[in-house]
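Dear colleague,

I am handing over the structure we talked about, and it is placed directly below. My notes on what was found in it follow, so please read them with the coordinates open.

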Amino acid sequence: MTSSNTSQVKLWTKDFILVLCANMCFYTASFLIIATIGKYLTQMNAPSVYISLSLATIAMGAFFMRFIAGNLLDIVGRRKMTFIGAFALLFCYLSYFFVGLNAMVVIRTINGVAWGIVGTAMATICTDVTPKEHRGDGLGFFAVSSVFCMAFSPMIAIIIYNKLDFTVIRILAVVFQLIAILCLVNINIPKIALRKVETGHGIFNIKDMIEK
């Protein structure tokens, strides 16, 4: 395609802008909690081992979920899996208002699994809604939006926590998560032909998760 034709293809469409907004809200909500949960548990007099587990389980949940999230997006569908992950995150943020220390590790694990789904899904959706003529630009802006939130959200979270308390952090996480879901509702996610699971292989076929 010539450069003149490429310039006529718009990158900043409604769907692309909403993808960036949703992604930034997901990251902001997540890192508001990540940056302050350790300090909150310390003030709750939780054992150090318990605090370490609460911080580690989210990372482990997200890590292992990413191995199968890509498969699930192709089998279950982009929109369905994204909303499953988004509402699971919302459930986790709401749970921080009433769960005790004993349930915190479980909630953090669910948080990690949901984050693994959403993180993989949003990158995939960004690729789907970005015109192929601007694929590099689009994915570049998407990456910058993620890094921006990862860099500044923890700093803002600590400032808010020191001046106010963890309750405000929890409220902000829920608000940003709701905004992200609202953005998702209005994104026209392209429909794809769902991949059928081969008989005898199952969804979690190791060959589909790892290429030689």
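Arginine 78 touches Leu73, Thr124, Asp128, Ile189 and Ile192, when residues up to four places away in sequence are left out of the count. Please keep in mind that this is a predicted model. Arginine 78 lies in helix H4, which covers residues 78-95, and with a relative accessible area of 12% it is buried, because the cut-off for that class is under 20%.

The helix pair I looked at is H2 (14-43) and H7 (residues 166-185), whose axes come within 8 Å and cross at roughly 160°. Since angles over 145 degrees count as roughly antiparallel, H2 is placed in that class relative to H7. The crossing of the two helices, H2 and H7, is left-handed. On the H2 side the contact includes Leu18, Cys21, Phe26, Leu32 and Tyr40, while the H7 residues that take part include Phe166, Ile169, Arg170, Phe176 and Leu184. By class, the residues of this contact between H2 and H7 divide into 19 nonpolar, three polar and one charged.

Methionine 44 sits in the loop between helix H2 (14-43) and helix H3 (48-75). Its relative accessibility is 41%, so methionine 44 counts as partly exposed, a class that runs between the 20% and 50% limits. Methionine 44 and glycine 100 are 56 residues apart along the chain, and their C-alpha atoms are separated by 10.0 Å.

How values were computed:
Residues numbered from 1 in each chain as written. Predicted model: local features only at pLDDT ≥ 70, side-chain atom pairs only at ≥ 80, totals over all residues. Heavy atoms only, no water. Helix = DSSP H or I, 4+ residues; strand = E, 2+ residues; numbered from the N terminus. Buried < 20%, exposed > 50% of the residue type's maximum accessible area, 1.4 Å probe, protein only. Contact = heavy atoms within 4.5 Å. Axes fitted to C-alpha atoms, helices over the stretch in contact; angles between N-to-C directions. Parallel < 35°, antiparallel > 145°, perpendicular 65-115°, else oblique. Left-handed = near helix turned anticlockwise from the far one by under 90°. Nonpolar A, V, L, I, M, F, W, Y, C, P; charged D, E, K, R; others polar.
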